[in-house]
Each structure stands twice: as structure tokens, then as C-alpha cells.
Amino acid sequence: MMLKEESIFKNKNFVLLWLGQLVSVLGSNFHSLAVMWYVLEITGSPGKAGITMVFTVAPKVLLSPFTGPLADRADRKKIIVISDLINGLLVGIVAILCYSGNLQLWTLYMISAFMSATSAFFSPAIGASIPSIVKKEHLVKANSLSQILRYSSSILGPALGGVLVILIGIPGLFLLNSISFLLSSFSESFIKIPRLDRSEVQESTLLSDFQEGISYTIKNKDLLHVIIVGGVIINFLFAPLSLIIAVVAKKDLNSGSDVYGTLLAAMSVGGLMMSFIIPKISKKIGNYKLMFIGLTCEGLFLIPFAFISNIYTGIISLLLLGCSFGIVNVSLGTVVQTLVPNNILGRVSSVMGILCSVTVPLGYYLGGIALEHYETGHICIFIGVITAISGLSTIRIIRNDMIDDKDEDSRICEAS
């Protein structure tokens, strides 16, 4: 007689960790929406809103190559608890200043930067803690629940945040966010995460590893092409997308934060849908072809957003765009893993991560400036066309993969 598998939700440590992650991800979505809408409300300047997003994103992406190794050395529980505690206090300061009418842009920039830096430590600590508190047979389910949480929060966060701005105002949303972070920090203090055996932690040589990753990337032409298109060009061009959507919602559709949140949520719904579909069709189509289709469709599906006339056409356009994002998110990582040997994958990933770290904040900044001088429709068409052309260029990688497959088949035939 087979024993019934114990539910992962009976694992108190995992439940507390999962709930803490839920609050953190939702809080980040709430904060980004509130900050974006606040700056647009008081300044009416997309450029200044773009600068705000630079401070919101840049510290996190710049620190990300280094926070992973730290999570392998420091006390992960302390990182998690202190991160949420700091974010709760920082958002609380923003709420107080906002209620009193003393919130200055430079203050918002600095606090957003500190919160971004704190989140850079929180995420890898969460990911590294899961294998320590979950049984091996529950590991896949635990990671799946974390992935579903991130997608669901990116759908619920903007939509709920937009409604809350209307119901309780931007200061109220900041205050609610602060309280949730503090409660999360308190609950996480009861998690029991096994301490690391320091004798097993080796000192890394970050510089030499990074140099080796650069050398391998430059020598592998297909890999370099994928990173330039999928990691640099696309990240740079699409970095200001949330800002573009905010401007469209406010100026073109004459709507409020609820419409802005709904449009963002539609894009996340598309990504979530494809995350379930792609694993089922990838074996038939192939990851290289899926990457080609996804990158090209990212450009093609953005172009219709330039011509939307109401929220419904906007939702359809962004839903399709989100689907293409979902295709790329699944296939691009698999292609990189296919092109790079496992023993050097971490070093190549660091190179790709740092390249994205530079291009995303730059894209936010220049995107904000562009929105000051050009129509959003023209910008969408420009980004869409360049992205589609970049996606089409990856067809050479598909051809190389087909040639490699033929060579492999020939070797098998000769061997037999």
C-alpha cells in the first residue's frame, strides 16, 4: 500500500518563506507603480519618471552578479529578515513624507535605490534557502510554486495597486506596503534555515571567472549573437516599456492608475500562459526556432500598441506581447544552456547579467528622454521594427543548429 505524499504546505518553514516572498514581490510591484504614478502626477514629465525607474532598477541589476555568492556565505535567514525590515522602514519614510507633503524627488530617488539594493540581496537568499528547508521530493513543487508566485504577483500587483491608488491614494499605498514588509519580516524571523558549513564554502576569484566568461563568449559566435540580441538589444529597447504604458494610459487614454495596472497585468497574463504551453511544444518545434519566433514577435506585437484607441485594444496588444515574452524567457535560457558547457555556464551567465545590468538603466533613462520629445506611437513603431529585425537575424543560429544536427546524424550513421 502506497503512503500518501505529505503536502508541502505542512512544511512551516517553507510556508513562512513562501508568504514572505509573496509580500516582497507584491510590495515591489506596488512600490514601482506608486512611484511611477506619483512622479507623473506631480511633474507630468516622462523623463523624470524614467530617471526614477533607473534608481529603482539599477542597484538591483548592478549588484545581482555579486549577491548570489554572498547568499552562499552569509546567514540567509538574517539576509531575508533584515531585507524586509529595511524595506518596510524605507517605504514607511516615503509614506510619512508623502502624507506631510514633504516628499521630494531626490528623496524618492535615493530611497528607491536603497530598496532596489536590498531586494538584490533578498531574492538569491530566498532561492538558496529553498533546498535547505524542503525535502528533495518536494523541491520541484517548491520551485514551481515560487515561479507561479512571481508570475501571479506580476499580474495581481499592478492591477491591485492601480485600484488601491484610487481607493486609498498613493500615500495610503505606501503605508500599506510598509506595514506588509514589517509583518513579513516578523513572520520570517520564525523560519528555521540550517546554517551553512563554512568549511565547504570556497573563496571565488570573481575577476578571473569573469574574464574566462568573456573569452568564451567572444569565441562562440552563436552565443555572442544570442547575448547581443536577446540580452543587450532587447533589454535596452524594452527597458522603458512600463513607462511607455504609463504615458499611454495617462495621456492617450485619459485614464488613471487602474487602467495602467490592468495593461501591465495583461502583459503578465500572456507570459504566464506561455510558461505553461512552451514546455509542451518545445520538443516539436525546438528551442532555437522558438527563440527566433519569440524575439521576432516581440517586435511585431509591439507595433499594434502604437495604434490603440481604447483599453480593450491595449489589453489584446499587450497580451500578445506578453506571450512573446513568455516564449523568449523559456527558450532563450535553454538555448544559452545548450550552447555553453555546464562547467562554464555560471561565468557566461555573469557576463550576460552584467551586460543587461548596463543596458536596462540606460534604456530607462534614454526612453524617458525620448518620451519628452516624441509621440509614444512613433517610439513603439521604432522599437518594434528594430526588435523584429534583430529577432530575424537569429535565423543564422537556427541554420547552424541544423547543420550541427546533420553532422551528428552522419557521425552516428558512420559509427553504426
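# A Guided Tour of an All-Helix Chain

Read along the sequence, the chain follows the pattern α-α-α-α-α-α-α-α-α-α-α-α-α-α. There are 14 helices and 0 strands in the protein chain; helices (H or I, at least four residues) and strands (E, at least two) are DSSP runs, numbered from the N terminus. The model is predicted, with local features needing pLDDT of at least 70 and side-chain atom pairs counted only at pLDDT 80 or more, while totals for chains, interfaces and linings use all residues. Residues are numbered from 1 along each chain as its sequence is written, and side-chain values use heavy atoms, with hydrogens and water left out.

**The whole chain**

Please begin with the entire chain in view. Of its 416 residues, 49% count as buried. Buried means under 20% relative accessible area, exposed means over 50%, and partly exposed lies in between (1.4 Å probe, protein chains only). The accessible surface comes to about 20,200 Å², and 66% of that surface belongs to carbon and sulfur atoms. Such areas come from the Shrake-Rupley method with a 1.4 Å probe; for residues, only the protein chains shown count as cover. Among contacts (heavy atoms within 4.5 Å) between residues at least 6 apart in sequence, 87% join residues at least 24 apart.

**Helix 3**

Next, select residues 76-100. This is helix 3, whose 25 residues reach 36 Å from the first C-alpha to the last, close to the 36 Å expected at 1.5 Å a residue. The expected span is 1.5 Å times one less than the number of residues. Gly 101 follows helix 3 and has a positive phi, near 80 degrees.

Most residues other than glycine have a negative phi. Is Asn 254 buried or exposed? Asn 254 is exposed, with a relative accessible area of 66%.

**Two salt bridges**

A search of the whole structure finds 2 salt bridges, each being a side-chain nitrogen of Lys or Arg within 4 Å of a carboxyl oxygen of Asp or Glu. Select Lys 250 and Glu 41, where the closest N and O atoms are 2.8 Å apart. Lys 250 lies in helix 8 and Glu 41 in helix 1 (residues 12-43), so the pair ties together parts that are 209 residues apart in sequence. Lys 250 is partly exposed at 24% relative accessibility, and Glu 41 is partly exposed at 46%.

Then select Asp 222 and Arg 396, whose closest N and O atoms are 3.3 Å apart. Asp 222 belongs to helix 7 (residues 221-238) and Arg 396 to helix 14 (residues 395-415), so this pair ties together parts that are 174 residues apart in sequence. Asp 222 is buried, at 13%, whereas Arg 396 is partly exposed, at 32%.

**Cysteines**

How many disulfides are there? The count comes to 0, where a disulfide is a pair of cysteine sulfur atoms within 2.5 Å. Select Cys 297: its sulfur is 9.8 Å from the closest cysteine sulfur, in Cys 323, too far for a bond. Cys 297 is buried, at 17% relative accessibility.

**A surface patch**

Finally, select Val 163, Ile 166, Leu 167, Ile 168 and Leu 176, which form a nonpolar patch on the surface with about 460 Å² of accessible area together. Patches are made of residues with over 30% relative accessible area and no salt bridge; like charges are joined within 9 Å, and nonpolar side chains (Val, Leu, Ile, Met, Phe, Trp, Tyr) within 5 Å. Val 163 is in helix 5 (residues 139-188) and is partly exposed, at 38%.
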